[in-house]
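My notes on this model follow, in the order in which I looked things up.

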Amino acid sequence: MSLKENYFQLFEVPEQYRLDESALRATYRELQRKTHPDKFAGGSEHEQLLAVQYAATINDAYDVLTSPLKRAIYMLSLKGIDLDDQASGAMDPMFLMAQMELREELEQAEHSSDPESALEKVAEHIDSEMTQLQAAFVEQYEKGCQAELAAAVETVKKMQFLAKVQIDLEHLEHELLVD
Amino acid sequence: MALLQLSEPGMAPAPHQRKLAVGIDLGTTHSLVATVRSGSADVIADHEGRKLLPSVVHYGQDQISVGYEAREQAVRDPLNTIISVKRLMGRGIEDVATFDHKMPYQFAENEGKGMPKIDTAAGHVSPVEVSAEILKVLAARGREALDGDLDGAVITVPAYFDEAQRQATKDAAQVAGLKVLRLLNEPTAAAIAYGLDQEDEGVIAVYDLGGGTFDISILRLQAGVFEVLSTGGDTALGGDDFDRAIAEWILKESGYTQDVGPSLSRQLMERARAIKEQLSEQEKINATIELDDFYWQGDLDQHWFNALIAPLVDRTLKVCKGALRDAKLKAKDLTNVVMVGGSTRVPYVRQRVGEVFGCDPKVDIDPDLVVATGAALQADVLVGNKSSDDMLLLDVNPLSLGIETMGGLSEKIIPRNVTIPIAKAQEFTTYKDGQTAMAIHVVQGERELVADCRSLARFELRGIPPMVAGAARIRVTFQVDADGLLSVSAKEMTTGVESSVTVKPSYGLEEEQVTEMLKESIAHARDDVTARQLREKQVDAKGLLLSIENALAEDGDSLLSAAERADIEAALQRLRDVVDGDDIHAITREVEKAGQASNEFAARRMDASIKQALSGKALDAINVEKEG
């Protein structure tokens, strides 16, 4: 067991997309109990630095393993695929069309008479699309052959699109709250 | 060697002496110090039985006074009496100019940049030094109550403090000669004070409205783990603003036309505070204010007061809603709302907070004392008096950290509300042939433009191996530690050469300046600087010896070969040989070497404990299955 291992190995969970969140959570707490810098407040300077390093890695690992998008990107990287290096080829036109509709929906919600519940509807829409993409990713990734992996890359790119809409939606919700 | 033979393998080393630690609440209007004695945490009072120390420092020509004594000078000598210095911590002189209200002090000219210096009868003083004076008084109170030198302190800061404000607080502690065990967020400290007493499980909101700052934190409490889910706040909003609203209203009503000088302004603020306190107890009052040539008289009631402060309270409630949203929770998911800070005594604040969260806020612990109490409990754990297995704090980074990119945009590196410690790496390259240095500008805040974020520091990387433009791959790691403080390291990846990193803080002090202040401060106290430095070094060295000896006794046999163990023990022996002598350089050198000799051992121990944590969990799962 060491920091050199990948995040799945660090948390001793199988290298697969579907994970048991409550088990991850329990493991996370146990790992933090052992490595958090608070345990080494009286230790040597080196021990304290080491603790910061371990705890930071465990925090990052937990963040990646519990985030649907980051986990997918990380799993591709384990197969040697860096998403940033992928040529930005043409996206599925159907998907792009759906994206434009989603953006429109968002804009309409913003100016509707009850923006709060309208935004909530858009959020549900995004969630359900995300769920479908996740199912597709599992299918494609687990087959593991090159052609399927290329399809998995496309799926993750779609997830990134949706995640951006999600961020814009959250911004709108936030503005609504503050005004 | 003799020391090691005292404990048989598998047996714990002799119980070490109880360490002396305190928790300090360094507040805008007042400060407190607390400690754990015979199992319970108590705030330490002064000789007159007063628990609060006004955060006021008076600089006379030949003496500095702190607390009540200083506050008495505030009206007579406003320019030399520094109040609410917390508002200046980690701020620049240009920030001070944008404050809603004017501070009465004269600021020394320093090209309109960097940390403000206040011009007093005792010379120029920085906010760090003013805070250090307050900390010194609290530390002395702790030493007297515990009858010995302090091994360390936990100092609380608003959860929403940015990195510069945190660093300034830590610098102040260093100038005051205190070892900081941890900077702890105020709402988290309050949660500890409540949570440990009641062994609560669930999600709590801590609403902390102090004299000058407002914080909201949402925490999940489970099995002794305090996990901060989100935090929000306003570091320039507090009960002082209620006082100011009252004072300004009265001033307007009075029809007073002349210029309000610093002395009258201070007196009006004091009267306003008294009115706020009275209206927190009574439905209505009759107020008469007669100060020099100023006169006003009138009836005031709670209804008037509530309307006056409503816009300020509304601001806090919006932040609360934002924090709930960030935690992905609804008000109904909360089990409790805890009220912290003297300003939560105002009934209207309690009422409105209750409405937003849909439950009656908890006020069991005195809102003035709860933060210091929690800090003392945490200090007791960190210093090693209480097992840290029972309690674990997981706090978050309050504001996103970003770097300046082309076009003056901020690229977020570490987002807000992620659990700390955290580290993120980013790769950069050179844009000129043979380039050996580069500068990285780090900012904090949520906005897209660098100009709208707070500048934290410029990190200069040097020693990049010269290559053609674009060939170097410089991996820069940004790390936020458990105190919320940032450090940066850099390495060129193709050659593996580490770059040296120097920090130019935008509003803070460079390391040498802190050391210089510490020296001045000690000289002022007529202490022997060298003797004190030697003593501190010896204490640190002995701490290191003890910790490695304990580690060897526990894991030396299982994790080290005989040769590896002999190396470490030889290094320890060399340290033991010099530790009681007066050669500070020899001690520093041997501490360094002993540390190096045991580095690999420390890493193996960490790996082993992770392994043990995972297998322990597996064991638990089996037990549960059996029971089920």
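**Entry 1: a helix end.** I started at B:Gly358, the residue that follows H10(B), and read a positive phi near 65 degrees. This is a predicted model, so I took local features only where pLDDT is at least 70. Helix H10 of chain B spans residues 347–357. I then listed its buried residues: B:Tyr348, B:Val349, B:Arg352, B:Val353, B:Gly354 and B:Phe357. What do the buried residues of H10(B) pack against? I found strand S12 (202–209), strand S13 (214–222) and strand S17 (336–340) of chain B. Helix H7 (239–254) and helix H9 (302–326) of chain B are also packed against them.

Entry 2: I checked B:Ala223 next. Its phi is positive, near 45 degrees, and the residue is not a glycine. I placed B:Ala223 in the loop between S13 and strand S14 (225–234) of chain B. B:Ala223 has a relative accessible area of 46%, so I logged the residue as partly exposed.

B:Lys328 is another non-glycine with a positive phi, about 55 degrees. B:Lys328 sits in the loop between H9 and S17 of chain B. Is B:Lys328 buried or exposed? The relative accessible area is 68%, so B:Lys328 is exposed.

Entry 3: B:Pro421 belongs to the loop between S20 and S21 of chain B.

Entry 4: I stayed with the loop and turned to B:Arg416. This residue forms a salt bridge with B:Asp326, with the closest N and O atoms 2.8 Å apart. B:Arg416 lies between strand S20 (409–414) and strand S21 (422–428) of chain B, and B:Asp326 is in helix H9 of chain B, so the pair ties together parts 90 residues apart in sequence. I noted B:Arg416 as partly exposed, with a relative accessible area of 28%.

**Entry 5: other salt bridges.** How many salt bridges does the structure hold over all chains? I logged 46. I picked two more to look at.

A:Asp92 pairs with A:Lys158, the closest N and O atoms being 3.5 Å apart. The pair links distant parts of the chain, 66 residues apart. A:Asp92 is in the loop between helix H4 (68–78) and H5 of chain A, while A:Lys158 is in helix H7 of chain A. A:Asp92 is partly exposed at 32% relative accessible area, whereas A:Lys158 is buried at 18%.

B:Glu48 forms a salt bridge with B:Arg50, and I read 3.4 Å between the closest N and O atoms. B:Glu48 is exposed, with a relative accessible area of 60%. B:Arg50 is partly exposed, with a relative accessible area of 30%.

**Entry 6: a buried charge without a partner.** I looked up B:Glu129, in helix H4 (residues 127–146) of chain B. Side chains of opposite charge can pair when their charged atoms come close. What is the nearest side chain of opposite charge to B:Glu129? I found B:Lys117, 4.1 Å away. B:Glu129 is buried and has no salt bridge. The cut-off for a salt bridge is 4 Å. I then listed contacts, leaving out residues up to four places away in sequence. B:Glu129 touches B:Tyr59, B:Lys117, B:His124, B:Met517 and B:Glu520.

Entry 7: B:Ser126 lies in the loop between strand S9 (123–125) and H4 of chain B. With 0% relative accessibility, B:Ser126 counts as buried. I checked the backbone around this residue. The C-alpha atoms of B:Ser126 and B:Pro116 are 6.4 Å apart, and the two residues are ten places apart along the chain. Beyond four places in sequence, B:Ser126 touches B:Met115, B:Pro116, B:Lys117 and B:Met517. B:Lys117 and B:Met517 were already on my contact list for B:Glu129.

**Entry 8: a negative patch.** I closed with the surface of chain A. Which residues form the negative surface patch? I listed A:Glu101, A:Glu104, A:Glu107, A:Glu110 and A:Glu175. Helix H5 (residues 93–111) of chain A gives the most to the patch, with four residues. A:Glu175 is in helix H7 (residues 146–178) of chain A. I logged A:Glu175 as partly exposed, at 45% relative accessibility.

How values were computed: Residues are numbered from 1 along each chain as its sequence is written. Chains are lettered from A and ligands numbered from 1 in the order in which they are written. This is a predicted model: local features need pLDDT of at least 70, side-chain atom pairs count only at pLDDT 80 or more; totals for chains, interfaces and linings use all residues. Side-chain values use heavy atoms; hydrogens and water are left out. Patches are made of residues with over 30% relative accessible area and no salt bridge: like charges are joined within 9 Å, nonpolar side chains (Val, Leu, Ile, Met, Phe, Trp, Tyr) within 5 Å. Accessible areas come from the Shrake-Rupley method with a 1.4 Å probe; for residues, only the protein chains shown count as cover. Lys and Arg count as positive and Asp and Glu as negative; His and the chain ends are not counted. The place of a charge is taken as NZ of Lys, CZ of Arg, CG of Asp or CD of Glu. Helices (H or I, at least four residues) and strands (E, at least two) are DSSP runs, numbered from the N terminus. Buried means under 20% relative accessible area, exposed over 50%, partly exposed in between (1.4 Å probe, protein chains only). Contact means heavy atoms within 4.5 Å.
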